[in-house]
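Welcome! Let's go through this structure together, one question at a time.

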Amino acid sequence: MIGPHLLSIADLGHDGIVQVLNVAESFAEVEKRTMKKVPALKGKVIATMFFEESTRTRLSFETAAKRLSADVLSLSVATSSVKKGESLKDTLKTIEALGIDAVIIRHRSSGAPLQAARFLDDIHVVNAGDGWHEHPSQGLLDAFTVRQAWAAAAGVDPASTGSSLFRGKKIVIVGDIAHSRVARSEVLAYTALGAEVTLVAPATLLPPSVEGWGVAVAHRLDPLLEEADLVSVLRLQAERGSGECVPSLREFTETFGMTEARAERLKEGALITHPGPMVRGVEIASAVADDPRCLVTTQVHNGVAVRMAALYLLLTGGNAALDHSEANRDA
Amino acid sequence: MHKYPLAKGTVVIRGGAVLTPTGLIDADVVVVDGVIAAVEPNAAVPEGATVLDAQGCITGPGFVDLHTHLREPGKEQAETIASGARAAALGGYTAVVAMPNTSPCLDSAFVVRAVLDLGAQTTTEVAVAGAITVGRAGEQLAPIAELAALGVQLFTDDGTGVQHGGVARRALDYCTGLGVTYAEHCEDLAIASGGVVHEGAWSAKLGLPGQPASAEEAMVARDLLLAGELGARIHLLHLSTVGSVELVRAAKAKGIAVTAEAAPHHFTLTDAEIASYDARFKVNPPLRPDEHVAAIIEGLCDGTIDAIATDHAPHTPETKDLPFDEAPPGMLGLETAFSLAYERLVEGAGMPMEHLFDLLSTNPARIAELDAAGDRPYGHTAHGARVAPGIPANLVVVDPSARWTVAGTALASLATNTPYEGRSMHGSVRHTILRGEPVVISGEAQR
């Protein structure tokens with residue numbers, strides 16, 4: 001049902017997303033044990049190829065792969081032959097020749113993981129973030145995190161809720177939407193799960209079109225605060241030139257920042273997420289970042305279980321034994 | 001200086017229809033020593049004559065491409081003047097205009113002469129578009145008069161537009177005084193803002209930086225104002241948007257001396273193709289949505305756009321395998337242009353065959369001043385005239401009923417970057433005759 005690649009949230013659809021979230025719940029249980037490993041991907045080799053710097057996503061994926069007992073190869077572009085002029089295609093073919101089962105790719109160019117999937121024959125490709133396009137595992141872990149929080153508030157088991165907790169929820173995604181791969185993955189995930197999504201940004205930071213996205217667009221954050229069940233705060237992608245899209249950081253903070261005053265106006269039970277890295281004082285006030293309603297550290301924590309679920313489902317089709325006691329024997 | 005030689009001997013093109021000054025008639029064409037000797041039904045075949053079968057075909061003036069990137073000097077791994085000329089002949093072209101964005105670029109008499117000398121050995125006539133500014137940097141005027149003395153008629157910094165309005169105005173003025181034509185690649189880089197695809201629903205969905213239609217249209221508008229003010233003649237390259245077509249239509253109505261061209265990919269493909277992130281669909285100006293494609297077709301049909309030009313742009317496979325935003329823009333065009341134009345414009349839009357020949361041959365020959373023989377230093381023969389006794393035999397024989405399938409590796413270009421891989425095509429080029437020499441017979445290049 002899932003796979004062979006995870007290039008876009010659109011590859012999963014509603015049922016695939018729910019399946020990943022549910023499997024992630026069971027891996028989250030594993031993480032609570034003293035022995036955090038399961039043998040599900042024992043004998044499999046997974047490579048990470050990060051053509052763009054990242055700390056949390058790479059560590060998260062590598063931790064997830066290791067907890068599934070896969071062998072992990074880590075290609076660091078800074079020290080690889082890519083620096084000597086080797087092409088993406090040849091680098092991938094080299095990795096393929098080593099006999100790997102899956103490759104996790106981050107690239108500054110939108111679409112590079114899709115091209116990689118075309119270049120490779122029998123290797124699963126996981127998109128760990130490509131340009132402005134998508135960051136599917138982030139979209140999944142964000143959905144996982146808010147479902148867990150809403151389930152806890154309702155006193156129910158999240159895995160039993162499917163997508164029901166998303167239905168009719170008002171989700172506001174605010175900030176640099178145009179240059180954000182997280183925004184595109186969140187939009188696909190949240191709309192597939194039945195939430196009502198509104199994108200809020202100055203016109204210069206919105207995509208040129210949202211045709212077919214199934215979202216509303218607004219240019220003012222304040223009128224949306226009281227109604228929102230979740231505010232997803234995105235960073236200004238200054239390294240992608242978005243600084244030029246607003247007159248100043250101060251004006252951006254004044255108009256679209258999640259300030260303390262704005263956080264005050266959120267309704268009871270409303271949540272705030274941020275994919276990180278945060279720029280405190282710009283898109284989110286420091287006090288809001290540390291507020292219990294802001295789930296940023298929970299998101300990072302959940303990233304491992306969600307990525308375990310995605311890798312497990314892609315590489316085994318969900319058919320391998322998920323016997324946790326076996327993990328203990330293995331130890 | 002060369003005088004291009006006319007081929008000795010007799011060639012008879014037998015059967016089919018011929019596009020003559022009075023229209024299409026059923027006739028044979030007899031060529032003697034490189035010049036058309038007779039256009040008549042059931043012509044006698046002299047002993048020793050080469051007979052070319054044209055049953056079911058149409059014989060007309062050889063095509064003229066205003067926009068060919070031959071890549072030599074500098075990128076001979078993608079195309080050479082010889083390989084590009086072979087592709088041109090197979091595509092039915094008897095003359096092409098080589099674009100100046102080579103390395104070094106065509107901004108000096110020395111390099112231009114080298115290209116013309118190499119071109120003279122090939123299977124098509126190679127004319128040159130000189131750079132407008134030194135190094136195509138958009139600052140200092142290139143030696144336009146010196147290049148004009150070599151017979152260069154078109155000047156452009158193609159690959160990029162002249163960004164500085166003051167430089168553009170000065171260059172346009174200077175060209176006017178010399179009787180040569182300024183040609184613009186219309187793209188305001190500040191508005192384009194680094195966009196690698198058309199800005200719209202697809203760029204938004206795919207997360208690729210887009211360039212809006214206004215990046216092209218702003219420069220079209222600027223140049224039309226400048227040309228109108230200076231009374232200058234201007235040619236606009238590869239137009240691709242609704243607004244560009246509207247601006248040119250209005251300018252022509254006002255009497256501004258503007259000509260315009262459009263490329264086959266801009267009337268056959270839309271930006272939906274980029275969903276695969278396959279850089280073979282990356283081109284500049286970018287592929288655009290349906291309404292723009294429809295406007296280009298309308299502009300071609302109503303005469304707003306004067307010529308079909310290929311923007312033939314070979315690139316090596318390794319560069320087209322780069323991530324989309326890093327890959328160079330451009331696609332092969334010479335060997336697919338006729339089929340695409342025939343299918344989309346004649347079969348699809350009801351354009352008369354005569355008009356298609358105007359767009360592919362007569363009008364571009366006039367724009368490049370390749371229509372009058374004799375007085376150009378490099379001795380290009382006359383192209384674009386309808387078939388009649390007394391003119392040089394630069395001819396194409398097309399077969400509208402033929403069907404073929406595109407394969408990049410089967411094309412004569414060294415590069416294989418066609419966006420039409422695997423596509424079934426309507427209509428083909430059967431024979432091409434250059435100065436009386438059959439350089440393509442039954443779809444096969446003869447040298």
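Q: What makes a stretch of chain B a domain here, and which bounds result?
A: Domain bounds come from an automatic or database domain assignment. That assignment divides chain B into domain 1 (10-58 + 385-445) and domain 2 (62-367). Please keep in mind that this is a predicted model, where local features need pLDDT of at least 70, side-chain atom pairs count only at pLDDT 80 or more, and totals for chains, interfaces and linings use all residues. Residues are numbered from 1 along each chain as its sequence is written, while chains are lettered from A and ligands numbered from 1 in the order in which they are written.

Q: How do you know how compact chain B is?
A: Start with its make-up: chain B has 13 helices and 21 strands (helices, H or I, of at least four residues and strands, E, of at least two are DSSP runs, numbered from the N terminus). The radius of gyration is taken over C-alpha atoms, and the globule rule is 2.2 Å times the number of residues to the power 0.38. For 447 residues the rule gives 22 Å and chain B has 21 Å, close to that value, so chain B is as compact as a globular protein of that length. Its C-alpha atoms fill a box of roughly 65 × 45 × 45 Å along the principal axes.

Q: What makes a residue of chain B count as buried, and what percentage does?
A: A residue is buried if 20 or more other C-beta atoms lie within 10 Å of its own, exposed if 12 or fewer, and partly exposed in between, with C-beta atoms placed from the backbone. By that test, 59% of the 447 residues of chain B are buried.

Q: How do you know which residues of domain 1 and domain 2 of chain B are in contact, and how many are there?
A: Two residues are in contact if their C-beta atoms, placed from the backbone, lie within 7 Å. On that basis, 30 residues of domain 1 of chain B touch 39 residues of domain 2 of chain B. At least two residues of the domain 1 side come from each of β3 (23-26), β18 (395-405), β19 (424-434) and β20 (437-441) of chain B. The largest share, 7 residues, is supplied by β19(B).

Q: What classes of residue make up that side of domain 1 of chain B?
A: Ala, Val, Leu, Ile, Met, Phe, Trp, Tyr, Cys and Pro count as nonpolar, Asp, Glu, Lys and Arg as charged, and the others, Gly among them, as polar. The side of domain 1 of chain B that touches domain 2 of chain B then has 20 nonpolar, 10 polar and no charged residues.

Q: Why is β20(B) called enclosed?
A: In β20(B), 4 of the 5 residues are buried, so this strand is largely enclosed by the rest of the structure.

Q: What makes β19(B) and β20(B) a pair?
A: Two strands pair if DSSP finds at least two bridges between them. β19(B) and β20(B) have 3 bridges, in the antiparallel sense, and I433(B) has P438(B) as its bridge partner. Their hairpin has 2 residues between the strands, and R435(B) takes a positive phi near 50 degrees.

Q: Which strand does β20(B) pair with over 2 bridges?
A: That partner is β21 (residues 444-445) of chain B, again in the antiparallel sense. I441(B) stands opposite E444(B).

Q: Why are β8 and β17 of chain B called edge strands?
A: They belong to an open sheet of 8 strands with parallel pairing, in the order β8-β9-β10-β11-β12-β15-β16-β17 (chain B). β8 (63-68) and β17 (307-308) each pair on one side only.

Q: How do you know where the buried residues of α3 of chain A lie around its axis?
A: Helix α3 (residues 88-97) of chain A has L88(A), T91(A), L92(A) and I95(A) as its buried residues. These cover an arc of only 95 degrees, which puts them on the same side of α3(A); the arc is that of the directions from the helix axis to the C-beta atoms. Their cover includes β1 (45-50), β2 (71-76), β3 (102-107) and α4 (112-119) of chain A.
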